[in-house]
Amino acid sequence: QVQLVESGGRLVQAGGSLRLSCAASGLTFSTYAMAWFRQVPGKEREFVAARSKSGIYTAYGDSMKGRVTISRDSAKNTVYLQMNSLKPEDSAVYYCAGVRQDFAFSSERVRFAHDYDYWGQGTQVTVAS
């Protein structure tokens, strides 16, 4: 079965950096666009970043644009989220997600959580002030 397993979340000081990882198995990685979302209690899941199946195209949500970079390693079936200049309001559970990309990649097409086929269990990021 498909599994997405996130790791790397922890407590970090404001202004610090963190890299999250998501290892994918049970799917043909090269046919899936991969993304990161985040969620805090009582709020909807928020789009952070996505990268196309080819690895060429990216899309970023407004809240962390300029401070995050999404990348993927096809040899390892892993997607990463590098986060810099972290703020306390970035504290959330971060989720990895995958969608079979049988469409043209665009920012508007990959930012909605309900469009994704598979999700990881999430990893907690806490940014202390």
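**The core, then a sheet**

Begin by selecting Leu-20, Trp-36, Val-48, Leu-81, Met-83 and Tyr-94, which have the most contacts inside the largest nonpolar core, a set of 26 residues. A nonpolar core here is a set of buried Ala, Val, Leu, Ile, Met, Phe, Trp, Tyr and Cys residues joined through side-chain atoms within 4.5 Å, and buried means under 20% relative accessible area, with a 1.4 Å probe and protein chains only. The largest share of this core, 4 residues, comes from β3; strands are DSSP runs of E with at least two residues, numbered from the N terminus.

This is a predicted model, in which local features need pLDDT of at least 70 and side-chain atom pairs count only at pLDDT 80 or more, while totals for chains, interfaces and linings use all residues. Residues are numbered from 1 along each chain as its sequence is written, and side-chain values use heavy atoms, leaving out hydrogens and water.

Now colour the open sheet of 4 strands, whose order is β1-β3-β8-β7 with antiparallel pairing, where two strands pair if DSSP finds at least two bridges between them. Its edge strands, each pairing on one side only, are β1 (3–7) and β7. Follow β7 to β8, which pair in the antiparallel sense over 6 bridges, and find Val-68 standing opposite Met-83 in β8.

Notes
Buried means under 20% relative accessible area, exposed over 50%, partly exposed in between (1.4 Å probe, protein chains only).
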